[in-house]
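I opened this structure to record its sheet, its nonpolar cores and a few single residues. The entries below follow the order in which I looked things up.

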Amino acid sequence: MHTFKIIIMATRRFDNLTVQHVLDTVRQGLEIDDTWEQFRFYFKNRLTEVLGNSFMCGVDAMGKSFFINVFSCGMKNILIGAKYQEMVTLKNIAAYTVARNISKDDHIDSLGIPKSLYEDVRNYIGCTR
C-alpha cells in the first residue's frame, strides 16, 4: 500500500484558485493511475480542460515520485512534488487513515491520541488515496 505526499514548492504569481485547480488535478490523476505514463497523460489533458491552452506542463518521474512543473507566459511556475510514501506497518496505515479525516496540523491536538503519534499523523496530512 502506498500514498503520495503533495508538496507545493512554488506558486509565484498564480492566484489561489488556479493553484487549487492544479492541486486537484494532481490528486485526481494519482488516484486514477499513478504510473508515470498514465499520470502524465491524464495531467496534461485534464489541465488543458480545466485551465485552457495558455498553460504548459511537465511531469518528470523521480523513482516512484513525481516532479510537476506548470507554467504560463508571464506568470512563472507552479512547482509541485508528489513524494511516494510506502505504508508497510499498521502504524503507517492507521496514521494515514486518521490524517485523511483532518485538514490541518492544528486538529491533531483535539484527536486524543498519544503525542508520540503526532508526527506520524502529520506525515500523512494532505496525501492522496
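**Cysteines**

I began with C57, which is buried at a relative accessible area of 14%; buried means under 20% relative accessible area, exposed over 50%, and partly exposed in between, with a 1.4 Å probe and protein chains only. I then looked up C127, which counts as buried at 6% relative accessibility. I searched for disulfides, defined as a pair of cysteine sulfur atoms within 2.5 Å, and the count came to zero.

**Basis of the entries**

I note that this is a predicted model, in which local features need pLDDT of at least 70 and side-chain atom pairs count only at pLDDT 80 or more, while totals for chains, interfaces and linings use all residues. Residues are numbered from 1 along each chain as its sequence is written, and side-chain values use heavy atoms, with hydrogens and water left out.

**Sheet**

I took helices (H or I, at least four residues) and strands (E, at least two) as DSSP runs, numbered from the N terminus. I found an open sheet of four strands in the order 1-4-3-2, with antiparallel pairing; two strands pair if DSSP finds at least two bridges between them. Strand 1 and strand 2 are at the edges and have a single partner strand each, so one side of each lacks a neighbour in the sheet. From one strand to the next, the twist averages 20°. I counted seven bridges in the antiparallel pairing of strand 3 with strand 4. I also noted that N69 has L79, in strand 4, as its bridge partner. Helix 2 packs on the sheet and touches strand 2 and strand 3. The direction of helix 2 makes about 165° with that of strand 2; axes are lines fitted to C-alpha atoms, for helices over the stretch in contact, and angles run from 0 to 180 degrees between N-to-C directions.

**Nonpolar cores**

I used the term nonpolar core for a set of buried Ala, Val, Leu, Ile, Met, Phe, Trp, Tyr and Cys residues joined through side-chain atoms within 4.5 Å. The largest such core has 22 residues, and V22, V26, F43, I68 and V70 have the most contacts inside it. Two or more residues each come from strand 1 (2–10), helix 1 (16–32), helix 2 (36–51), strand 2 (56–62), strand 3 (65–72) and strand 4 (76–86). Helix 1 gives the largest share, five residues. A second, separate core has eleven residues, including M87, I102, Y118 and I125. I looked up the contacts of I68 (contact means heavy atoms within 4.5 Å): not counting residues up to four places away in sequence, I68 touches V26, F39, F43, G58, V59, I78, L79, I80 and A82.

**Single residues**

Is T18 buried or exposed? T18, in helix 1, counts as buried at 9% relative accessibility. I found a polar contact of 2.8 Å between the side chains of T18 and D15; the term denotes a pair of N or O atoms within 3.5 Å, where within protein one must be able to donate a hydrogen and the other to accept it, and residues adjacent in sequence count only if both atoms are side-chain atoms. Not counting residues up to four places away in sequence, T18 touches L51, F55 and I78.

I next looked up N92, in helix 3 (residues 90–100), which is buried with a relative accessible area of 18%. Leaving aside neighbours within four places in sequence, N92 is in contact with E86, M87 and Y124.

Lastly, I looked up S103, in the loop between helix 3 and helix 4 (118–124), which counts as exposed at 55% relative accessibility. The C-alpha atoms of S103 and R13 are separated by 25 Å, and the two residues are 90 residues apart along the chain.
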